[in-house]
Amino acid sequence: MSSVEARLAELGLTLPAVVPPLAAYQPAVQSGVYVYTSGQLPMVEGKLPVTGKVGAEVTAEEAKELARICALNALAAVKSVAGDLDRVARVVKVVGFVASASDFTGQPGVINGASELLGEVLGDKGVHARSAVGVAVLPLDAPVEVEVQVELTGA
């Protein structure tokens, strides 16, 4: 078990299976020393636990937890191409999308769920640049979607 996966276990988390693509794309690709994930939905065992707009059918706190699931799914996608999460030198960028009610403005707080998880799991390597964007709708009526870019070590 890698030290990153040991840290996940300490946090009571298990790296899930990679979420299969919903269309014509790969969950993650490597280019040079970087791995780019596709947008990761908060799928748990092949299903969305909650659907709807944040600020309407979904609370900001629920959405923040869903963003954590997205980040965990992103780590699984990274591992699928990197082979070992201990190869992560750092998380470079996180982009989070929040399906938002028209008056909801708390997107950064929602995407903190993903950012905080990456920090808890990877420590200083999890510190990253980020965008948090409100959108009208996401695939499958998901409340949140997160994509991650990581830099790998050469080993």
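**View 1. Surroundings of Val150 in the predicted model.** Setting aside residues within four places in sequence, Val150 of this predicted structure contacts Val33, Tyr34 and Val35, together with Val78, Val88, Arg90, Val91 and Val92. Val150 is also one of the residues that touch the most other members of the largest nonpolar core.

**View 2. The largest nonpolar core.** This core holds 38 residues, and those touching the most other members are Leu75, Val110, Leu122, Val144, Val146 and Val150. At least two core residues come from each of helix H1 (3-10), helix H2 (60-82), strand E3 (88-99), helix H3 (107-122) and strand E5 (144-152). Helix H2 gives the largest share, with twelve residues. Another core, of seven residues, lies apart from this one and includes Val19, Leu41, Leu138 and Ala142. In soluble globular proteins, nonpolar side chains tend to be buried together.

**View 3. Packing of helix H2 against helix H3.** The axes of H2 and H3 cross at roughly 45 degrees and come within 7 Å. Helix H2 is therefore oblique to H3, and the crossing of the two is right-handed. On the H2 side, the contact is made by Ala60, Ala63, Lys64, Ala67, Arg68, Ala71, Leu72 and Leu75. Helix H3 contributes Gly109, Val110, Ile111, Asn112, Gly113, Ala114, Glu116, Leu117, Leu118, Glu120, Val121 and Leu122. By type, the residues of this contact between H2 and H3 comprise 13 nonpolar, three polar and four charged. Leu75 of H2 and both Val110 and Leu122 of H3 take part in this contact, and these three residues are also among those touching the most other members of the largest nonpolar core.

**View 4. Packing of helix H1 against helix H3.** Here the axes of H1 and H3 come within 8 Å, with a crossing angle of roughly 115 degrees. Val4, Arg7 and Leu8 of H1 meet Glu120, Val121 and Leu122 of H3. The residues of the contact of H1 with H3 divide into four nonpolar and two charged, with no polar residue. Glu120, Val121 and Leu122 of H3 also belong to the contact with H2.

**View 5. Leu22 and its contacts.** Leu22 is located in the loop between H1 and strand E1 (28-31). Because its relative accessibility is 47%, Leu22 counts as partly exposed. Not counting residues up to four places away in sequence, Leu22 touches Leu41, Pro139 and Leu140. Of these, Leu41 is a member of the core of seven residues. Between Leu22 and Val148 the separation is 126 residues in sequence and 18 Å in space, C-alpha to C-alpha.

Terms used: Residues numbered from 1 in each chain as written. Predicted model: local features only at pLDDT ≥ 70, side-chain atom pairs only at ≥ 80, totals over all residues. Heavy atoms only, no water. Core = buried A, V, L, I, M, F, W, Y, C linked by side-chain atoms within 4.5 Å. Buried < 20%, exposed > 50% of the residue type's maximum accessible area, 1.4 Å probe, protein only. Helix = DSSP H or I, 4+ residues; strand = E, 2+ residues; numbered from the N terminus. Contact = heavy atoms within 4.5 Å. Axes fitted to C-alpha atoms, helices over the stretch in contact; angles between N-to-C directions. Parallel < 35°, antiparallel > 145°, perpendicular 65-115°, else oblique. Left-handed = near helix turned anticlockwise from the far one by under 90°. Nonpolar A, V, L, I, M, F, W, Y, C, P; charged D, E, K, R; others polar.
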